[in-house]
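Colleague: I'm new to this one. Could you walk me through it and tell me how you decide what to call things?

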Amino acid sequence: MSDSDGPAAEPAGLDGLPPLFSISKGEVVSVQTYGAFVRLPGYKKEGLVHVSEMSASRVESASEIVDVGEQVWIKVIGREIQGEKVKLSFSMKAVNQGTGRDLDPNNVMAEQDARRRKNFRDHTGNRITLDAVLNTTCSKCGCKGHFTKDCYSAPGLQYALLPVEDDEEPRQQQIPSATPQQDSDKKKKKKKEKKMKKKRKRERKESESGSSSSDECKSKKRRRDHTHDREDKKKKKHKKHKSHKHS
């Protein structure tokens with residue numbers, strides 16, 4: 001490893017740091033869930049190996065790959081100045097951990113990872129919070145928290161919603177007033193049905209009585225006719241008998 005980049009080429013604040021894309025062997029000094037901090041010999045500054053740079057496969061926690069005090073091969077893939085702090089980024093997956101051979105000699109993976117980190121950088125410092133309330137009073141409606149130009153209230157009549165209980169009371173009052181009418185209608189219908197039934201029964205009785213009386217009249221007439229026939233026959237016989245006697 002050589003750190004003779006020249007003072008002119010080295011940006012201000014990055015002097016005394018390992019060169020970019022250089023490969024070294026360092027010691028793991030701290031293990032966190034998101035990665036491991038590695039210290040290189042001859043440098044005071046520690047660098048972070050993120051869990052995404054530990055292996056080509058997915059790693060949930062750095063403790064699955066390394067332990068404190070372990071010697072690992074790393075490649076310097078990032079050197080950034082954030083305020084007064086200098087951030088060093090290392091990669092283990094770009095170096096063969098057995099031989100120290102560079103697995104990304106053209107730095108293609110390093111550039112892709114740097115581009116990905118740049119696109120997904122945290123911008124929480126510039127985030128706008130929507131839970132704040134403006135310390136102002138609207139001159140149009142008198143409410144707090146918004147400007148007059150943003151007021152949605154229109155001039156003229158003001159309407160307010162009635163409470164739910166007031167809406168339910170008239171409905172409850174209307175329902176009982178309608179039930180007596182329904183009951184009276186039902187009673188009237190029942191009375192009409194009873195009257196119709198009685199009328200039908202009377203008509204049936206009258207028809208039955210009329211048919212029975214007509215049958216009785218017919219039978220009486222037949223009896224009378226039969227007695228008349230018998231009397232006529234007797235008279236005829238009596239006349240014949242008298243005529244025989246005279247002869």
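This is a predicted model: local features need pLDDT of at least 70, side-chain atom pairs count only at pLDDT 80 or more; totals for chains, interfaces and linings use all residues.

Colleague: Which residues gather in a patch of negative charge on the surface?

Modeller: Asp225, Asp229, Glu231 and Asp232. Asp and Glu count as negative, so the four are like charges in that patch.

Colleague: Let's turn to salt bridges. How many does a search of the whole structure find?

Modeller: It finds 3. In general, side chains of opposite charge can pair when their charged atoms come close.

Colleague: Why is the pair of glutamate 46 and arginine 39 called a salt bridge?

Modeller: The closest N and O atoms of glutamate 46 and arginine 39 are 2.8 Å apart. The cut-off is 4 Å between a side-chain nitrogen of Lys or Arg and a carboxyl oxygen of Asp or Glu, so this pair qualifies.

Colleague: Are those two buried, exposed or partly exposed, and how do you know?

Modeller: Glutamate 46 has a relative accessible area of 28%, and arginine 39 has 39%. Buried means under 20% and exposed means over 50%, so both glutamate 46 and arginine 39 land in between and are called partly exposed.

Colleague: Where is glutamate 46, and what does it touch?

Modeller: Glutamate 46 is in strand 3, residues 46-50. Leaving out residues up to four places away in sequence, glutamate 46 touches Val29, Phe37, Val38, Arg39 and Leu88.

Colleague: What about arginine 58 and glutamate 60?

Modeller: Arginine 58 and glutamate 60 form a salt bridge with their closest N and O atoms 3.1 Å apart. Both of these residues are exposed.

Colleague: What makes lysine 75 and aspartate 102 a pair that ties parts together?

Modeller: Their side chains meet in a salt bridge at 3.1 Å, N to O. Lysine 75 lies in strand 4 (residues 71-82), while aspartate 102 is in the loop between strand 5 (85-91) and helix 1 (108-119), so the pair ties together parts 27 residues apart in sequence. Lysine 75 has a relative accessible area of 1%, so it is buried, whereas aspartate 102, at 22%, counts as partly exposed.

Colleague: Why do you point out the phi of phenylalanine 21?

Modeller: Because most residues other than glycine have a negative phi. Phenylalanine 21 has a positive phi of about 70° and is not a glycine. That residue sits in the segment before strand 1 (23-31) and is partly exposed at 31%.

Colleague: And what is the phi of asparagine 107?

Modeller: Phi of asparagine 107 is near 60°, again a positive value in a residue other than glycine. Asparagine 107 is in the loop between strand 5 and helix 1. Its relative accessibility is 13%, and buried means under 20%, so asparagine 107 counts as buried.

Colleague: Last one: how do you know what aspartate 67 is in contact with?

Modeller: Contact means heavy atoms within 4.5 Å. Setting aside neighbours within four places in sequence, aspartate 67 is in contact with Val28 and Val31. The C-alpha atoms of aspartate 67 and valine 31 are separated by 6.8 Å, although the two are 36 residues apart along the chain. Aspartate 67 is in the loop between strand 3 and strand 4, and its relative accessible area of 49% makes it partly exposed.

Methods
Residues are numbered from 1 along each chain as its sequence is written. Side-chain values use heavy atoms; hydrogens and water are left out. Patches are made of residues with over 30% relative accessible area and no salt bridge: like charges are joined within 9 Å, nonpolar side chains (Val, Leu, Ile, Met, Phe, Trp, Tyr) within 5 Å. Accessible areas come from the Shrake-Rupley method with a 1.4 Å probe; for residues, only the protein chains shown count as cover. The place of a charge is taken as NZ of Lys, CZ of Arg, CG of Asp or CD of Glu. Helices (H or I, at least four residues) and strands (E, at least two) are DSSP runs, numbered from the N terminus. Buried means under 20% relative accessible area, exposed over 50%, partly exposed in between (1.4 Å probe, protein chains only).
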